Amino acid sequence: VPMVAPGNVQVHVINSTLAKVHWDTVPLKTVRGHLQGYKVYYWKVQSLSRRRRRHVEKKILTFRGNKTFGMLPGLEPYSSYKLNVRVVNGKGEGPASPDKVFKTPEGVPSSPSFLKITNPTLDSLTLEWGSPTHPNGVLTSYILKFQPINNTHELGPLVEIRIPANESSLILKNLNYSTRYKFYFNAQTSVGSGSQITEEAVTIMDE
């Protein structure tokens, strides 16, 4: 098997899900056979938004021939990763380069895990929601938009409310009685807005 590991391993993080890794080729005599390529082993150490560690699943990408770089797609935003590089010949793999640590930046969050609308009164509704399963960063706020729908299914004026990221419920007051409302709800990080979920609910009739 090859005798030495590739040197000068460098990682260039391109965005929250993609990184490029560079390395120096090894002297051909240390390959001790036919150079088939290089293998990059990489794994997520932890999410930076959730401190709990989890089962580490190592991923391997093989780059054929005498390449000196490769792309690592499909990374998770706002996470800490490690990687190393090994030379491959017809017999097997050489030793691993020293582990290199890199971090991916924040991305936009997934949609809130749920939005529930309860306690309808004449002029109010209560909203409850769950934080995104994948925050992909530090949540900065939630954005709630809502509008009335009339009997001919036309949409009325849209109201927008920004809600602090640590809130999980809200009572909407001063609504029209016996009116159907449509709600659009999403979470934000400093990078931008995640995908929204929608719900509809009706205030109760005037007695």
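## A walk through the predicted chain

Let us begin with the contacts: among those in the protein chain between residues at least 6 apart in sequence, 64% join residues at least 24 apart, where contact means heavy atoms within 4.5 Å. Residues are numbered from 1 along each chain as its sequence is written, and side-chain values use heavy atoms, with hydrogens and water left out.

Next, the overall outline. The protein chain has one helix and 14 strands; helices (H or I, at least four residues) and strands (E, at least two) are DSSP runs, numbered from the N terminus. Because its radius of gyration is 26 Å, well over the 17 Å that the globule rule gives for 207 residues, the protein chain is more spread out than a compact globule. That radius is taken over C-alpha atoms, and the rule is 2.2 Å times the number of residues to the power 0.38. Along the principal axes, the C-alpha atoms fill a box of roughly 90 × 35 × 25 Å.

Now for the surface. Of the 207 residues, 41% are buried, meaning under 20% relative accessible area (1.4 Å probe, protein chains only).

Let us turn to the sheets. Strands of a sheet pair through backbone hydrogen bonds, either parallel or antiparallel. Here, two strands pair if DSSP finds at least two bridges between them.

Four bridges link strand E6 (residues 79-89) to E7 in the antiparallel sense, and Leu83 has Lys100 in E7 as its bridge partner.

Another open sheet takes four strands in the order E11-E10-E13-E14, again with antiparallel pairing. Its edge strands are E11 (159-164) and E14 (197-202), each of which pairs on one side only. From one strand to the next, the twist averages 25°. Strand E10 (residues 141-149) runs antiparallel to E11, joined by six bridges; look for Tyr142, whose bridge partner in E11 is Ile163.

Note on methods
This is a predicted model: local features need pLDDT of at least 70, side-chain atom pairs count only at pLDDT 80 or more; totals for chains, interfaces and linings use all residues. Buried means under 20% relative accessible area, exposed over 50%, partly exposed in between (1.4 Å probe, protein chains only). Axes are lines fitted to C-alpha atoms, for helices over the stretch in contact, and angles run from 0 to 180 degrees between N-to-C directions.
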